[in-house]
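Here are my notes on the model you sent over. Have it open while you read, and take the points one by one.

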Amino acid sequence: MLFNFILLAQAQHALPVFLIIPFLLLIGMIAAGPIFFGHFWEHNYKIVAVTLGLTVLAYYLVVLQDYHMPAHTLAEYASFAILLSSLYIAAGGIYININANATPLMNVALVAVGAVLANFVGTTGASLLLIRPFIRLNVHRIKPYQIIFFIFIVSNAGGLLTPLGDPPLFIGFLKGVPFFWTLQHLFLPWVVAVGLLCLIFYIVDSRNKETAFKARPEVIAKNEEKTEFYVTGKRNLFWLAIIIGAIFLDPNVIDGLPYIPYDGNKFSFLREIIQLGAAFLCFRFSSKTALAGNKFNFHPILEVVFLFFGIFFTMMPALQLSAEIASAPQYAKFITPDFLYWATGSLSGFLDNAPTYANFLSLAMAKYDMAQNSVVEVRQFATGTGADPETLILLEAISLAAVLFGAFTYIGNGPNFMVKAIAESAGIKMPTFFAYIVRYSIPFLLPALALIWFLSIYLSLF
């Protein structure tokens with residue numbers, strides 16, 4: 001079947017299949033580099049990622065003379081990198097310390113709060129705000145699995161309820177999906193996903209018998225332990241609100257905003273300028289105490305920015321080939337909720353989940369002769385008021401898979417790699433790319449994803 005897909009892709013388009021080699025090579029080096037040639041990778045990952053990305057970009061521009069895909073990819077990457085960098089700087093100046101016993105119940109409570117918070121400040125914002133206090137809370141019993149479950153719950157599953165929660169859902173909102181559609185249709189899957197992962201986390205964390213962190217003696221009175229929270233750098237919350245609020249300044253949604261016109265598209269730049277400006281002022285006037293407490297430095301964000309430059313540009317052929325294969329007329333009959341859930345999910349785990357969402361939304365709508373560049377038709381598709389009521393279930397399958405499967409690997413969603421980098425900068429030895437999948441995603445995350453598919457898509461109970 002895979003061989004037939006490859007032949008079909010070659011026959012349909014001039015895009016050669018060998019162009020996916022740089023992407024596979026980059027993913028392979030991300031996975032194997034820290035294990036087999038750690039010293040080389042640590043000092044040269046920037047060069048490797050940028051070189052591979054520019055190689056694919058040059059092929060598009062010079063050989064294929066395709067400027068459309070690179071222009072869109074550059075715009076998406078710039079928005080991604082600027083938003084992530086701005087949030088990283090803003091959150092780095094907010095020092096949150098939780099003076100409490102690091103019990104399994106406390107850990108579950110913290111990630112559950114993060115899952116709720118993710119729907120207001122995004123999975124990236126919630127992850128960056130809470131990962132450092134989460135690590136400090138567990139300073140004497142910290143283990144890699146705790147960071148992994150933080151990624152599962154806060155950095156991914158938590159953001160299912162609003163378009164602000166996760167980038168794929170925000171793309172859907174920009175294209176015409178009603179703002180409260182996610183809350184209305186994904187609430188019960190969110191409860192099941194977060195609840196089940198929290199339960200698994202509690203069971204696993206309960207087996208960690210190392211000495212838990214004890215609260216300072218001065219906060220223990222009359223043999224009663226108190227839980228206290230300390231926040232330094234509250235002024236950064238203002239800048240954080242500006243950075244998040246600027247997300248809505250999209251010229252494709254709000255008429256009158258300035259934009260860069262290209263090939264009928266409106267590329268934003270005002271939003272990015274505001275976010276960069278807020279990040280600069282935030283860092284310039286951040287509390288030195290908060291920065292010192294967080295041991296703030298730019299290494300984690302630089303690692304993400306450089307690696308994802310390579311990922312964004314090398315995955316262009318993979319995204320195009322997968323879309324072309326799936327959109328072939330002979331495969332239209334396979335465009336079912338089950339197929340969309342597992343296909344969108346599989347690619348979301350290894351390609352970035354935002355463009356994967358957009359590709360499969362376009363694919364699903366094409367089955368009904370509907371176009372994702374029409375706000376009216378996207379809204380009809382989302383509400384089931386267009387060609388077929390089943391379209392609502394199709395969008396549920398795409399949305400659930402894009403968000404939840406984003407946790408399957410480090411590169412499925414932007415916050416994943418950021419959390420990993422922050423954890424490693426704190427001295428935590430995180431699992432390698434494949435170890436993450438084999439030790440955690442397959443035994444813990446995959447069963448939860450299968451249960452959600454069975455309940456919400458196969459049985460359509462939600």
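1. Which residue follows α16, and what is its phi like? It's G384, with a positive phi near 75°. Helices here are DSSP runs of H or I with at least four residues, strands are E runs of at least two, and both are numbered from the N terminus.

2. Before going further, keep in mind that this is a predicted model: local features need pLDDT of at least 70, side-chain atom pairs count only at pLDDT 80 or more, and totals for chains, interfaces and linings use all residues. Numbering runs from 1 along each chain as its sequence is written, and side-chain values use heavy atoms, with hydrogens and water left out.

3. Now look at α16 itself, residues 375–383, where V378, F381 and A382 are buried. Buried means under 20% relative accessible area, exposed over 50%, and partly exposed in between (1.4 Å probe, protein chains only). Down the axis of α16 the buried residues fall within an arc of 95°, so they line one face of the helix; the arc is that of the directions from the helix axis to the C-beta atoms. As background, an α-helix has 3.6 residues a turn, so residues three or four places apart point the same way.

4. What covers that face? The cover over the buried residues of α16 includes α7 (167–175), α8 (181–206), α15 (353–366) and α17 (391–404), where contact means heavy atoms within 4.5 Å.

5. Move on to α7, where P168, L169, F170 and G172 are buried. Their cover includes α8, α15 and α17. Just after α7 comes G176, which takes a positive phi of about 130°.

6. L137 is worth a click too: it sits in helix α5 (residues 104–137) and counts as buried, at 1% relative accessibility.

7. Zooming out, the protein chain has 19 helices and four strands. Its radius of gyration is 22 Å, close to the 23 Å that the globule rule gives for 462 residues, so the chain is as compact as a globular protein of that length. That radius is taken over C-alpha atoms, and the rule is 2.2 Å times the number of residues to the power 0.38. The C-alpha trace spans about 75 × 50 × 50 Å along its principal axes.

8. Of the 462 residues, 55% count as buried. Among contacts with a separation of 6 or more, 79% come from residues 24 or more positions apart.
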